[in-house]
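Take a look at the model shown here.

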Amino acid sequence: MAHEKTRYKAVIADQTYTIIGQESKQHMDMVTKLINEQLAELKELSPQLDNEQAAILLAVNAFSDQLKRQEKNLNLIKEVTELKQKMVRFTEMENRIKRIEAIENEARAVLKENGSDHKIKNHVEAQQILNEKRKGQIKQRSSN
């Protein structure tokens, strides 16, 4: 839902500014408070700074922080994409394992039907057992 643009009067370093934006009053109150706190901190650390110089340093710090966050966000997006790809591969692998287990279980049932106590060593052997059973069924149908 898009917010309507509103006017906000901010007092920053004893100067009043009218800011037009879509953010809530609470958001803008917090922004104004943080700006004033950081300006006061900069002026405390470097008393020789005038308001303009402190504002420039604050802007530089803000843009630096923003760039770091954007880089972090891009890295997180990349990481999420890679994790999603791994999850797809994991799910595919999990489905393959389930199919192999089903083949092996079916092959065990065939061996049990035939009274064999042979242990299946791998899925290839299980598939061969099922193939032999199917060949036999096909031969039986064709001879009828």
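Begin with helix 3, whose buried residues pack against helix 2 (51-113). Helices here are DSSP runs of H or I with at least four residues, strands are runs of E with at least two, and both are numbered from the N terminus. Buried means under 20% relative accessible area, exposed means over 50%, and partly exposed lies in between, with a 1.4 Å probe and protein chains only. This is a predicted model, where local features need pLDDT of at least 70, side-chain atom pairs count only at pLDDT 80 or more, and totals for chains, interfaces and linings use all residues. Residues are numbered from 1 along each chain as its sequence is written, and side-chain values use heavy atoms, with hydrogens and water left out.

Which residues of helix 3 are buried? They are Glu 125, Ala 126, Ile 129 and Leu 130. They cover an arc of only 145° around the axis, which puts them on the same side of helix 3. The arc is that of the directions from the helix axis to the C-beta atoms. On the other side of helix 3, the exposed residues are Ile 138, Lys 139, Ser 142 and Ser 143. At the start of this helix, a side-chain oxygen of Asn 122 comes to within 3.1 Å of the backbone nitrogen of Val 124. The length of helix 3 can be checked too. Its 21 residues (residues 123-143) should span 30 Å at 1.5 Å a residue, and the end C-alpha atoms are 30 Å apart, which agrees. The expected span is 1.5 Å times one less than the number of residues.

Now step back to the whole chain. It has three helices and two strands, in the order β-β-α-α-α along the sequence. The radius of gyration is 35 Å, well over the 15 Å that the globule rule gives for 144 residues, so the chain is more spread out than a compact globule. That radius is taken over C-alpha atoms, and the rule is 2.2 Å times the number of residues to the power 0.38. Along the principal axes, the C-alpha atoms fill a box of roughly 100 × 35 × 20 Å. Buried residues make up 14% of the 144 residues. Among contacts (heavy atoms within 4.5 Å) between residues at least 6 apart in sequence, 13% join residues at least 24 apart.

Helix 1 comes next. Its buried residues are Met 28, Thr 32, Leu 39 and Leu 42. They cover an arc of only 95° around the axis, which puts them on the same side of helix 1. What covers them includes strand 1 (6-12), strand 2 (15-21) and helix 2. The face turned away from this buried side carries the exposed residues Gln 26, Glu 41, Glu 44 and Leu 45.

A polar atom of its side chain lies 2.9 Å from the backbone oxygen of Met 28. Not counting residues up to four places away in sequence, Thr 32 touches Tyr 8, Ala 10, Val 11 and Ile 12.

Leu 76 is in helix 2. Is Leu 76 buried or partly exposed? At 41% relative accessibility, it counts as partly exposed. Leu 76 and Glu 37 are 39 residues apart in sequence and 30 Å apart in space, C-alpha to C-alpha.

Methods. A polar contact is a pair of N or O atoms within 3.5 Å; within protein, one must be able to donate a hydrogen and the other to accept it, and residues adjacent in sequence count only if both atoms are side-chain atoms.
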